[in-house]
Amino acid sequence: MLLIRNGYLIDPKSGREGKCDILVEGERIRKIAKNIVPPKENCRIVDAEGLLVGPGLVDVHVHFRDPGFPEKEDIGSGSRAAAKGGFTTVVMMGNTKPPLDNRDTLKAVLEKGKNTDIHVLSCANVTIGMQGRELTPMEELVETGAAGFTDDGIPLMDEKLVRQAMERAAALDMPISFHEEDPGLISENGINRGRASEHYGIGGSPREAESRLVERDLQLALETGAHINIQHISTREAVELVRKARKKGGNIHAEATPHHFSLTEEDAIRYGALAKMNPPLREEADRLAIIQGLADGTIDLIATDHAPHTAEEKARSIIKAPSGIIGLETALPLAVTFLVQAGYLTLCQLLRLMSTNPAGLYHLDAGYVAENGPADLVLIDTAAEVIPGNYVSRSSNSPFTGWHLYGKVVMTISSGKIVYSEDTQ
């Protein structure tokens, strides 16, 4: 058994807040009350005085590069990075090598996930080989254990195929997520068309590349009833499109990454390839629009888009370096610093965006703290300083290294087991 004493509980699902004890037995929460008497049998006691206790964080957008690129990250190292970041559940993307477009590859990946200390799930691909031409056997992949569908990293350009994919996903009651960048409008991706592209002397990615596909897919979602997620939203126009579409109903969701609510194209100039990503960092007005979208519920998820790359890859020129940064170990401190301490969100709202809502998107038994509920918890010192740099991830491609942030994960508990503790680091 495990008794967490004197912590300040925030359950974003019920809205419950207050100081209490939590008794964990096995993989479930047995009791939540004040001054719980420790059981006579073997029971570890954790003093959470001064700490926030919330549901384990849920990240529905990670790249663990397994299979295909274990030198960047594998499922084991990625899960450890997640635990350090306070995440007890992650959903992997399928742009691996080979991609997750078939039963055997998906099954192998999910088996590896079961051998970690957290809950590692995975999406399957929407199209075979991520080629955008033929749909995968979606029913078969759901039977194998796919959490949802996405060709993240590759936009789907065939509107007829997208409609068919949405119709099948809707019939299966499964979420389908979209990477929204029209390649026909992009010269060199990863850098915003504007000051950053001018600085590097390249064409870059215009904001219309995102908004054009977002508008198309929102309309298709309303017509098909599909449960869709607009991934890593980056422009104010796209935020407004989602806002208007959500008012019409449907099952529309959108995610924001910590880098898109904390950085701009000025940082792409400052940090070079370490701040190159798809979609790219935009303008300050876009960053603020994303924050407003998070505050008013237009954007209902925060996801890291954790994208590990080797130092050698990121040392290449701005055109040749791959896009993406790691994010699991910096997400919570960035959110506390830029969203909570800045006065845009309460801690309860933040936990809803990082746990309850992502869990709801994938129909998971997660993202809440209640008696008989899952013993997936995170203990956070919201006032403690965090200076990123000592990463558990195999990669270190982050512009946030050395920054002074706030919101330290003190302990992560998954299925009743302590899977990360700063005391043992």
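This is a predicted model: local features need pLDDT of at least 70, side-chain atom pairs count only at pLDDT 80 or more; totals for chains, interfaces and linings use all residues.
C20 is itself buried, at 7% relative accessibility, and a search of the whole structure returns zero disulfides. C20 is accordingly in no disulfide, and its nearest cysteine sulfur, that of C348, is 14 Å away.

Let me turn to the backbone. Against that, the peptide bond from D66 to P67 is cis, with omega near 15°, and P67 is placed in the loop between β6, residues 57–62, and α1, residues 75–84. A cis bond is also found from N278 to P279, where omega is near -10°, and P279 belongs to the loop that runs between α9, residues 265–271, and α10, residues 284–296.

As for phi, N35 takes a positive value, near 55°, although N35 is a residue other than glycine; N35 lies in the loop between β3 (28–33) and β4 (44–47). D305, also not a glycine, has a positive phi of about 50°, and D305 is found in the loop between β13 (301–302) and α11 (311–314). Which of these is buried and which exposed? N35 counts as exposed, since its relative accessibility of 63% is over the 50% cut-off, whereas D305 is buried, with a relative accessible area of 10%.

That leaves the packing of the interior. In soluble globular proteins, nonpolar side chains tend to be buried together. Here the largest nonpolar core has 73 residues, and those with the most contacts inside it are V90, I228, L294, L339, L350 and M354. Helix α12, residues 331–340, supplies the largest share of this core, namely six residues. Apart from this core lies another, of 19 residues, with L9, I22, L379 and I413 among them.

Let me finish with the surroundings of I228, leaving aside residues up to four places away in sequence: I228 touches M166, I176, F178, D217, L218, A221, N251, I252 and H253, so the list, if we count contacts as heavy atoms within 4.5 Å, includes D217, N251 and H253 as well as residues such as L218 and I252.

Technical notes:
Residues are numbered from 1 along each chain as its sequence is written. Side-chain values use heavy atoms; hydrogens and water are left out. Helices (H or I, at least four residues) and strands (E, at least two) are DSSP runs, numbered from the N terminus. Buried means under 20% relative accessible area, exposed over 50%, partly exposed in between (1.4 Å probe, protein chains only). A nonpolar core is a set of buried Ala, Val, Leu, Ile, Met, Phe, Trp, Tyr and Cys residues joined through side-chain atoms within 4.5 Å. A disulfide is a pair of cysteine sulfur atoms within 2.5 Å.
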